[in-house]
Amino acid sequence: IPRLYRLPLEEVLQREGRRVPCFVGQAIRMIEERGLREEGIYRIAGLTTEIQSLIGNLEENPLAEIPPTTGIHAVSGALKRFLRDLPVPLLPFDLYDDFLDANDPDSGIDPAARDARLMALMGQVPLSHRDLIMALIAHLNKVAALSAVNKMSTANVAVIFGPCFMRSREPKASSLLFDAPGQVRVVAWLLANEKPLQTAYPVPDLEELLQVTP
């Protein structure tokens, strides 16, 4: 029986009595403490056996402490897997086409109208999902800020996290290939608009949300 992975985010949060899952908070803190300068963080795959071991421990106890000796790429890999395995992605299925269309460079819409549309769409994202999105983009911008060292520019981060943030309800091989650039553009927009998003949808205790202890 799944206890963390493949469960709806709302169910995980209700079980834990938190606004950000314990594991996610731990993973972000660990990566920020010792992974921000790691070349290819989030891009380079961790050891499969180590990722599977970590996920297995979390399935037994979702509040388990991540062993401090865990490889940082295994931690980042387990975090990406958690996001990809959400039954309803961070940007929900029913908003998928709207986000892609609003940020379509071929639509002819001017940037201000595009930003307003995307900002309004974020208001339709469930609060539990939006809190986690805000925590993630704040974290990922810290990763990108050190791109001269870790080689993970905003563009590179967006490529990695496009499919972690959103996917089609009925993905087909053709749509996966066709939609990928749009997914990347949406995540790049989120990263570039962290401050306006915080103003529109403030999470005043954002840092505190991540200071979770098992």
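F165 touches P89, L90, L91, I133, L136, I137, L140, V187 and L190, not counting residues up to four places away in sequence, where contact means heavy atoms within 4.5 Å. This is a predicted model, in which local features need pLDDT of at least 70 and side-chain atom pairs count only at pLDDT 80 or more, while totals for chains, interfaces and linings use all residues. Residues are numbered from 1 along each chain as its sequence is written, and side-chain values use heavy atoms, with hydrogens and water left out.

**The nonpolar core**

- The largest nonpolar core has 68 residues, and among these F23, F99, M122, F165 and L190 touch the most other members; a nonpolar core is a set of buried Ala, Val, Leu, Ile, Met, Phe, Trp, Tyr and Cys residues joined through side-chain atoms within 4.5 Å.
- Helix α7, which spans residues 127-145, gives the most to this core, with nine residues; helices (H or I, at least four residues) and strands (E, at least two) are DSSP runs, numbered from the N terminus.
- F99 is found in helix α5, residues 96-102, and F99 is buried, with a relative accessible area of 0%; buried means under 20% relative accessible area, exposed over 50%, and partly exposed in between, with a 1.4 Å probe and protein chains only.
- Not counting residues up to four places away in sequence, F99 touches L91, L118, L121, M122, V125, M166 and V186.

**Helices α4 and α9**

- Helix α4 (residues 72-85) packs with helix α9 (residues 154-165) at an angle of about 40 degrees, and their axes are 7 Å apart; the axes are lines fitted to C-alpha atoms, for helices over the stretch in contact, and angles run from 0 to 180 degrees between N-to-C directions.
- That angle makes α4 oblique to α9, because angles under 35 degrees count as roughly parallel, over 145 as roughly antiparallel, 65 to 115 as roughly perpendicular and the rest as oblique.
- By class, the contact of α4 with α9 has five nonpolar, no polar and two charged residues, where Ala, Val, Leu, Ile, Met, Phe, Trp, Tyr, Cys and Pro count as nonpolar, Asp, Glu, Lys and Arg as charged, and the others, Gly among them, as polar.
- The residues that meet are K80, L83 and R84 in α4 and I160, F161, P163 and C164 in α9.
- In α9 the buried residues are V157, A158, F161, G162, C164 and F165.
- Leaving aside its neighbours within four places in sequence, R81 is in contact with Y5 and I55.

**Buried residues elsewhere**

- Y42 has its place in the loop between α2 (22-34) and α3 (48-60), and at 1% relative accessibility Y42 counts as buried.
- Leaving aside its neighbours within four places in sequence, Y42 is in contact with I31, S76, L79, K80, H139, L140, V143, I160 and F161.
- D131 is found in helix α7, and at 4% relative accessibility D131 counts as buried.
- With neighbours within four places in sequence left aside, D131 is in contact with R19 and V203.
- L209 lies in helix α12, residues 206-210, and L209 is buried, with a relative accessible area of 10%.
- With neighbours within four places in sequence left aside, L209 is in contact with R19, V20 and V203.
- The C-alpha atoms of L209 and G17 are separated by 12 Å, although these residues are 192 residues apart along the chain.

**Positive phi angles**

- Most residues other than glycine have a negative phi.
- R6 is not a glycine, yet R6 has a positive phi of about 70 degrees; R6 is found in the segment before α1 (9-16) and, at 43% relative accessibility, counts as partly exposed.
- K151, which is not a glycine either, has a positive phi of about 65 degrees; K151 has its place in the loop between α8 (147-150) and α9 and is partly exposed, with a relative accessible area of 43%.
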